[in-house]
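This briefing is for a reader new to the structure shown below. It begins with one residue and then widens to the chain and its parts.

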Amino acid sequence: MIQNGQPRAATSTTGLDLALNANARSTLSGVRRAAQLFETSGYGEVFTRRWVVEMVLDLAGYTADHDLGATVALEPACGGGAFLVPMVERLALSCRAHSRTLSEVREAVRAFDLLERNVTL
């Protein structure tokens, strides 16, 4: 088949093709919406919005009603603290609820990052 002066393979569109294309468009639209939940930097970092962080921590069961001081939470890419700050806030609330002092739970949250600028106080 020739189209606009260029050779082109003959194709036929089936109902399955249309459904797959609609599904691909829907998936791409979902990816674009998900990407809007995050901000990025030139280093490939992702800055997660606070409400997303809160939802993830809730879904993970990292809530103040649990004795968070009896666990160790690892934040492998602490960045600007999007997860770290709410984790420490929840840990402090958990300490109050479970009669612990902050000094007792100082090992309950561990945070790391590849970029030194992200962990400099």
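## Cys95 and the chain around it

Cys95 is buried, with a relative accessible area of 3%; buried means under 20% relative accessible area, exposed means over 50%, and partly exposed lies in between, with a 1.4 Å probe and protein chains only. The model is predicted, so local features need pLDDT of at least 70 and side-chain atom pairs count only at pLDDT 80 or more, while totals for chains, interfaces and linings use all residues. Residues are numbered from 1 along each chain as its sequence is written, and side-chain values use heavy atoms, with hydrogens and water left out.

**The chain as a whole**

- The protein chain has three helices and six strands; helices (H or I, at least four residues) and strands (E, at least two) are DSSP runs, numbered from the N terminus.
- Read from the N terminus, the order of elements in the protein chain is β-β-α-β-β-α-β-α-β.
- Of the 121 residues in the protein chain, 21% are buried.
- The protein chain has an accessible surface of about 8,900 Å², and carbon and sulfur atoms hold 59% of that surface; accessible areas come from the Shrake-Rupley method with a 1.4 Å probe, and for residues only the protein chains shown count as cover.
- Among contacts in the protein chain with a separation of 6 or more, 65% are between residues 24 or more positions apart; contact means heavy atoms within 4.5 Å.

**Helix 2 against helix 3**

- Helix 2 covers residues 50-59 and helix 3 covers residues 84-97; the two pack at an angle of about 50°, and their axes are 10 Å apart. Axes are lines fitted to C-alpha atoms, for helices over the stretch in contact, and angles run from 0 to 180 degrees between N-to-C directions.
- Helix 2 is therefore oblique to helix 3; angles under 35 degrees count as roughly parallel, over 145 as roughly antiparallel, 65 to 115 as roughly perpendicular, and the rest as oblique.
- The crossing of helix 2 with helix 3 is right-handed; a crossing is right-handed if the near helix is turned clockwise from the far one by less than a right angle, and left-handed if anticlockwise.
- On the helix 2 side, the residues in contact are Arg50, Val53, Glu54, Leu57 and Asp58, and on the helix 3 side they are Val85, Pro86, Met87, Glu89 and Arg90.
- Sorted by class, this contact of helix 2 with helix 3 holds five nonpolar residues, five charged residues and no polar ones. Ala, Val, Leu, Ile, Met, Phe, Trp, Tyr, Cys and Pro count as nonpolar, Asp, Glu, Lys and Arg as charged, and the others, Gly among them, as polar.

- Cys95 lies in helix 3. Apart from neighbours within four places in sequence, Cys95 is in contact with Arg100, Thr101, Leu102 and Val105.
- The C-alpha atoms of Cys95 and Asp67 are 7.4 Å apart, although 28 residues separate the two along the chain.
- Ser94 also belongs to helix 3, and Ser94 is buried at a relative accessible area of 1%.
- Residues up to four places away in sequence aside, Ser94 touches Ala64, His66, Asp67, Leu68 and Gly69.

**The loop between helix 3 and strand 6**

- His98 sits in the loop between helix 3 and strand 6 and is partly exposed, at a relative accessible area of 29%.
- Ser99 is placed in the loop between helix 3 and strand 6 and is exposed, with 69% relative accessibility. Ser99 is not a glycine, yet its phi is positive, at about 50°.
- Ala108 is in the loop between helix 3 and strand 6 (109-111), and its 2% relative accessibility makes it buried.
- With neighbours within four places in sequence set aside, Ala108 is in contact with Leu68, Gly69, Thr71, Val72, Ala73 and Leu91.

**Leu74 in strand 5**

- Leu74 is part of strand 5 (residues 73-75) and is exposed, at 55% relative accessibility.
- Beyond residues up to four places away in sequence, Leu74 touches Arg110 and Phe112.
- Leu74 and Arg110 are 36 residues apart in sequence, and their C-alpha atoms are 4.9 Å apart.
- Leu74 and Ala108 are 34 residues apart along the chain, with 8.5 Å between their C-alpha atoms.
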